[in-house]
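Please examine the sequence and the structure shown below before reading the briefing. The points that follow are grouped by topic.

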Amino acid sequence: MNAVVRLAQSFDEWRAAARELIARQVPPACVQWQSRPGEGDLFSATPDATDTAAPMLRLPRQLVELLQAAACFNVHDRWAFLYQVLWRWQLGQHDVLSPADGDGARLHAMAKAVRREEHDMHAYVRFRERGEAQGAPRFVAWFEPVHEVLPQVARHFARRMGAISWMIATPSASMLWDGQTLHAGPALLRGAADIDDAGEALWLTYYRSIFNPARVNADLLHSHIPSRFWKNLPEGAIVPAMLSGAANGERRTGQTASVGQRGGATMIPISAERAQPARAASTTLDQCRRCALWESATQAVPGAGPQTARIMLVGEQPGDQEDLAGLPFVGPAGAVLDQAMQEAGMARDSLYLTNAVKHFKWEARGKRRLHKTPAQREILACHDWLEEEIQRVKPQVIVALGSTALKSILQDGAVSMAPLIGTPVQHEGRWVVAVYHPSYVLRAPDAASRRQAYTVIVDGLRRAQELLKG
């Protein structure tokens, strides 16, 4: 079959072309996708007419949402890759939707990166006010997104800002809101320097006044705000000087020197403890200081699930997303676990999910917080919390997701998981089933290893149900 050329400059254009190609049963290897008219080589076939009578494709909502999000990922082969995913689904290869599959893993990663970019744009877009004499738009912002998320972010701000007119400009496009309708247009600014804002000096004065050196953590500040955003934030120009001041002694008080002074009087010192905002009373777990992991974690993450659950799943520790959300298994490993539970015929809301260690242990790697395996002393320090959950829920079967969970459940730091995979053991009157942790499926070196690890998890979950019935 000769090569077929298709032009796709948006998700809607790609969807129409893909529907027609699927109807004609054109395999991915025979399609050349172009992002701009005239792309390709001298030997490319001429684009033929799209069949407007192509039948509708019936896809699950999750797949449609993943395809739509991944379509915004800025990479040269995105349209070809999305068509490959769609082709495999139509052939009945539904594991392409699983993060354990090679294409599925890439699809989930692309969608996650796009959603992260949307979140960052919501957080770091800074509107500058223009004078009333200049007319509409009243507010203008400049942003440099990595992925093509401007339209959906513009819809977010249209809902938030009501009838006030504004414009968001990027290096490749602009979105204008006139108070009623969104208008898409080409790039209209060259950078943030093209925007005049008479109120910015007032904002910087306010920011200097509320800056609290007693609470600043420079490393955490830079890890939470990627460096590419600093140059377009108004406060980015003054934060380095304020950090230097904090390092030189302003940490000792709860306010900057300018706020702590009065005319004719000395500085009014305020202790860092008194400068902290009022917070609701913490739970017992939140107050745990049995090891040092609490110092770098956002919060303790307790278990979740019905108190009468007959099966308990125990993982190693919260991950990055669990640490932020305060809930177990809501990140990529949780997605793998959800898929495995569905395949094993288990409902998540019938299980109790928890971790052997309740705080996220991590190390900085560039802009990311990477998981670090808890030490045996940290597992022992946290065992009382796991034991309390077991005694309260009283599960009949416990599934240990990984070696750390197995060591904590059996209270044996030398136990090896390999001999126990597929061989449930009795411990203190209940069954313990050992399987791999779902995160191992994501980091396994090759497709065969990922599939084998995923199969072990599914088989272990099914075995847990069999033990429960027996």
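The structure is a predicted model, in which local features need pLDDT of at least 70 and side-chain atom pairs count only at pLDDT 80 or more, while totals for chains, interfaces and linings use all residues. Residues are numbered from 1 along each chain as its sequence is written, and side-chain values use heavy atoms, with hydrogens and water left out.

**Overall make-up**

- The protein contains 16 helices and 14 strands; helices (H or I, at least four residues) and strands (E, at least two) are DSSP runs, numbered from the N terminus.
- Of the 470 residues in the protein, 44% are buried; buried means under 20% relative accessible area, exposed over 50%, and partly exposed in between (1.4 Å probe, protein chains only).
- Among the contacts in the protein with a separation of 6 or more, 70% are between residues 24 or more positions apart; a contact means heavy atoms within 4.5 Å.

**Aromatic rings**

- Rings of Phe, Tyr and Trp (its six-membered ring) pair if their centres lie within 6.5 Å; planes under 30 degrees apart count as stacked, over 60 as edge-to-face and the rest as tilted.
- By this rule there are eight aromatic pairs.
- One of them is the stacked pair of tryptophan 14 and tryptophan 79, with 6.5 Å from centre to centre and 25 degrees between the planes.
- This pair links distant parts of the chain, since tryptophan 14 is in helix α1 (residues 11–23) and tryptophan 79 is in helix α3 (residues 78–90), 65 residues apart.
- Tryptophan 14 counts as buried because its relative accessibility is 2%, and tryptophan 79 counts as buried because its relative accessibility is 3%.
- The pair of phenylalanine 157 and tryptophan 166 is edge-to-face, because the planes lie at 70 degrees, with the ring centres 6.4 Å apart.
- Phenylalanine 157 is buried, with a relative accessible area of 9%, and tryptophan 166 is buried, with 0%.
- Phe11, Trp14 and Trp79 together form one aromatic cluster.

**Surroundings of tryptophan 166**

- Tryptophan 166 belongs to strand β5 (residues 166–169).
- Apart from neighbours within four places in sequence, tryptophan 166 is in contact with several residues, including Phe127, Pro137, Phe139, Phe157 and Trp177.
- The C-alpha atoms of tryptophan 166 and valine 140 are 5.6 Å apart in space, although the two residues are 26 residues apart in sequence.

**Helix α3**

- Helix α3 has 13 residues and reaches 18 Å from its first C-alpha to its last, close to the 18 Å expected at 1.5 Å a residue; the expected span is 1.5 Å times one less than the number of residues.
- Helix α3 is largely enclosed by the rest of the structure, because 10 of its 13 residues are buried.
- Among these buried residues are Arg78, Trp79, Phe81 and Leu82.
- The cover over the buried residues of α3 includes α1, β2 (31–34), α2 (61–70) and α4 (102–124).
- Just after α3, glycine 92 takes a positive phi of about 95 degrees.

**Pocket and cavity**

- On a 1 Å grid over the protein atoms alone, a cavity is a set of points where a 1.4 Å probe fits but cannot get out, and a pocket is an open set with protein on both sides within 12 Å along at least five of seven lines; lining residues have an atom within 4 Å of a point.
- Grid points are joined across faces, edges and corners, and a volume is the space filled by probe spheres set on the points.
- The second largest pocket holds about 1,000 Å³ of space.
- This pocket is lined by 33 residues, of which Ala71, Cys72, Arg78, Glu148 and Pro151 lie nearest its centre.
- The largest share of the lining of the second largest pocket, four residues, comes from α5.
- The largest cavity has about 50 Å³ of space, and the residues lining it include Cys288, Arg289, Trp294 and Cys382.

**Backbone features**

- Alanine 136 and proline 137 are joined by a cis peptide bond, with omega about 0 degrees.
- Proline 137 lies in the loop between β3 (128–129) and β4 (139–142).
- Glutamine 25 has a positive phi of about 60 degrees although it is not a glycine, and glutamine 25 is exposed, with a relative accessible area of 60%.
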